[in-house]
Amino acid sequence: MSREITLIDYGVGNLFSVARALEHCGAQVSISADPDEVRRASKLLLPGVGAFGNGMQRLSEKGIDLAVTEAVSRGTPLLGVCLGMQLLLDSSDEFGLGHGLGLIPGKVVAIPEHTADGSRLKIPHIGWNGLVLPIGRKGWQGSLLETTPVGTPMYFVHSFMACPDASEHRLADCLYGDTRVAAVIGRDNVWGAQFHPEKSGEAGLKVLRHFVERS
Amino acid sequence: MSNIRLIARLDIKGPNLIKGIRFEGLRVIGSPAEHALRYYQQGADELIYIDSVASLYGRNNLSDIVQSAARNVFIPLTVGGGIRSTDDVRHLLRCGADKVAVNTAAIAQPGLITEIAREFGSQCMVLSIQAKQIAPGRWEAYTDTGRERSGVDVIEWARRGVQLGAGEILITSVDREGTRKGFDIDLVRTVAAEVNVPIIASGGMGSAQDAVDVVRQGHADAVAMADILHNKRATLAEVRQHLKSAGVEVRSYES
C-alpha cells in the first residue's frame with residue numbers, strides 16, 4: 001500500500017495545512033496541478049475552500065476534472081475535503097446551478113436557514129460538531145471512520161451541504177439544528193469529508209491517517 | 001446549534017506576540033509559535049492572528065508565523081491585518097490560513113468583501129469590526145487597529161458587510177480591549193440580533209464568567225481570549241470547564 005498522496009492544486013485550497021497534516025500522518029505528499037500527474041497518482045486528495053462554481057471552473061480549465069474521473073474509474077483512492085467533497089457530487093445550487101464531478105450521485109444544496117419550529121440557524125455552519133450515524137447505519141467498520149468513536153467532534157465550516165441520492169453513500173452525519181448534514185460520504189474508492197480533518201485536531205488526523213495507511 | 005468556540009487571539013507586531021490595553025501601550029508577551037502550540041495542546045478550538053501594525057504599513061506580515069503554526073497546530077487559523085486584495089487572501093490561505101479577517105480595507109472598499117466571498121466562499125471572509133461606543137446603543141467602527149475613526153455606524157456596517165458576503169463577524173470592543181472589564185455585551189447582542197452569521201466576541205475578558213455572560217446575554221457564537229490566556233490568569237481547560245458547568249455547550253476535549 002502506497003503512502004504517496006497527490007494533493008490536487010487548483011488554486012482554491014488551503015494546500016499547506018492539508019499537506020502538512022498528511023505528512024504528519026506519514027504520507028509522502030506531492031502537490032500538483034498537472035492532469036497527467038493526477039492520472040498517475042497512487043492516491044488523490046481534493047482539497048478546497050470556497051465556492052462550488054469557481055472550484056469546478058478551475059478544475060475544468062486545467063483539465064483536472066477528467067483526469068480525476070479517469071483515475072477514480074481505474075480504482076485510485078480519492079478523498080475530497082469540504083468543497084472537494086461537494087465537488088464529488090453531480091451538481092450544486094451555489095451561485096446558480098453548476099455541475100460537479102459526478103462521482104457520487106446527488107447534489108449540493110444550501111443549509112436550511114430555519115428549523116422546523118421556525119428558529120433561525122446561523123449560516124455558515126461554523127464550529128465543532130459531533131459525528132453521528134446516519135439513519136439506518138449500524139457503524140463505521142471498514143470505512144475511514146473505523147477508529148473514530150461516534151460523537152467525536154470535528155471542525156465544520158460551510159454554507160452548503162452534500163445530499164447523496166443513496167443512503168448507502170452516507171457514512172456519517174452531524175446535526176445542525178434539526179438538519180442532518182452529511183459529514184462523510186463514500187462510494188467504492190471515493191470518500192468525502194465535509195469537515196476539515198486537517199483542522200480537527202488529533203481526531204481529524206486519525207481519519208487522515210486511516211486514508212494514508214489503509215485505503 | 002454548534003458548540004460555542006473558544007478562540008485564542010494572538011495580536012502580533014513584527015516577530016512578537018504582543019498585548020496592549022485598548023490597542024495601546026503594546027507589551028511583548030513572547031513567541032507566537034510557542035503560545036500557539038500551547039493553546040492548541042490545551043484544546044483551543046481556533047486561533048486568530050492579527051497583525052496589529054499591518055494596516056499602517058499596508059501589508060500583512062504574518063506569512064512566516066502562520067506557515068510555522070500550520071506545521072504543528074491542526075485547528076483553524078484566522079489571519080487578519082493589512083489584507084487588501086484577493087491576492088493577499090490567496091497567499092495567506094496558501095500559508096495555512098483558513099479564514100481571513102478584514103477591517104480597514106473593507107471599510108475603504110466594501111466591494112472587497114464580495115470579491116473575497118465569491119472567490120473563496122463566505123465562510124472564509126470574516127468581517128473584523130473594531131467598535132467604539134459613541135452613545136448608548138451606538139458604536140462607531142474604527143480602522144487601523146483602533147486608531148482611526150471611520151464615521152461608519154457599527155450596526156449598519158455589520159448588516160451591510162453580511163449582505164456583501166461576510167460569513168462571520170469578529171466584533172472587538174475598542175473600549176474594553178485589554179481592560180479585563182468583561183465584554184461589551186450590549187454591543188455583541190445588538191450585532192448578533194442584526195445578522196444571521198456567527199459572531200465572535202472579542203475584547204475585555206477578565207474571567208471565565210465573562211465568557212458565560214457574553215454567550216448567554218450577548219448571544220455570541222464564539223469567544224476570543226487574549227490577555228486572560230497570555231498572562232495565565234486562566235487556562236483554556238479552566239474556561240471550558242467553567243462554561244460547561246454553567247450549561248454552555250462546548251467541545252468535549254481531553255488533553
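Which residues does Ser150(B) touch, not counting residues up to four places away in sequence? They are Ile107(B), Glu140(B), Ala141(B), Tyr142(B) and Thr143(B). Here two residues touch, or are in contact, if their C-beta atoms, placed from the backbone, lie within 7 Å.

## About the model

This is a predicted model, in which local features need pLDDT of at least 70, side-chain atom pairs count only at pLDDT 80 or more, and totals for chains, interfaces and linings use all residues. Residues are numbered from 1 along each chain as its sequence is written, while chains are lettered from A and ligands numbered from 1 in the order in which they are written.

## Around Ser150 of chain B

Ser150(B) lies in strand E9 (residues 148–153) of chain B. Strands (E, at least two residues) and helices (H or I, at least four) are DSSP runs, numbered from the N terminus. The C-alpha atoms of Ser150(B) and Ile107(B) are separated by 7.8 Å. Along the chain, these two are 43 residues apart.

Is Ser150(B) buried or partly exposed? It is partly exposed, with 18 other C-beta atoms within 10 Å. A residue is buried if 20 or more other C-beta atoms lie within 10 Å of its own, exposed if 12 or fewer, and partly exposed in between; the C-beta atoms are placed from the backbone.

## The sheet of chain A

Chain A has an open sheet of seven strands. Their order is E2-E1-E3-E4-E13-E12-E11, with mixed pairing. Strands pair if DSSP finds at least two bridges between them. Strand E2 (28–32) and strand E11 (170–176) of chain A stand at the edges. Each has a single partner strand, so one side of each is left without a neighbour in the sheet. The twist averages 25° from one strand to the next.

Strand E1 (residues 4–8) and strand E3 (residues 44–46) of chain A pair in the parallel sense, over two bridges. Thr6(A) stands opposite Leu44(A) in E3(A). Helices lie across this sheet too. Helix H4 (residues 64–73) of chain A lies across E1, E3, E4 and strand E13 (190–193), at about 135° to E3(A). Axes are lines fitted to C-alpha atoms, for helices over the stretch in contact, and angles run from 0 to 180 degrees between N-to-C directions.

## Where the chains meet

The contact takes 32 residues from chain A and 31 residues from chain B. On the side of chain A, the elements that give two or more residues are H1, strand E8 (125–130), strand E9 (153–158) and helix H6 (201–214). By class, this side has 14 nonpolar, twelve polar and six charged residues. Ala, Val, Leu, Ile, Met, Phe, Trp, Tyr, Cys and Pro count as nonpolar; Asp, Glu, Lys and Arg as charged; the others, Gly among them, as polar.

## The nonpolar core

A nonpolar core is a set of buried Ala, Val, Leu, Ile, Met, Phe, Trp, Tyr and Cys residues joined through C-beta atoms within 7 Å. The largest has 162 residues. Leu47(B), Val100(B), Ile169(B) and Val223(B) touch the most other members. H1(A) gives the most to this core, with six residues. Leaving aside neighbours within four places in sequence, Ile169(B) has contacts that include Leu127(B), Val191(B) and Ile200(B).

Val223(B) belongs to E12(B), a strand covered on both faces. Ala222(B) and Ala224(B) are buried on one side, Val223(B) and Met225(B) on the other. E12(B) pairs with E1(B) in the parallel sense over four bridges, and Leu6(B) stands opposite Val223(B). Strand E11 (residues 199–202) of chain B also runs parallel to E12(B), joined by two bridges. Ile200(B) stands opposite Ala222(B).

## A helix with one buried face

In helix H3 (residues 63–72) of chain B, Ile65(B), Val66(B), Ala69(B) and Ala70(B) are buried. Seen down the axis of H3(B), they fall within an arc of 130°, so they line one face of the helix. The arc is that of the directions from the helix axis to the C-beta atoms. These buried residues pack against H1 of chain A, and against elements of chain B including strand E1 (5–13) and helix H1 (32–41).

## Backbone details

The peptide bond from Ile123(A) to Pro124(A) is cis, with omega near 0°. Pro124(A) lies in the loop between strand E7 (106–110) and E8 of chain A.

Arg22(B) is not a glycine, yet has a positive phi of about 50°. Arg22(B) sits in the loop between strand E2 (16–21) and strand E3 (24–30) of chain B.
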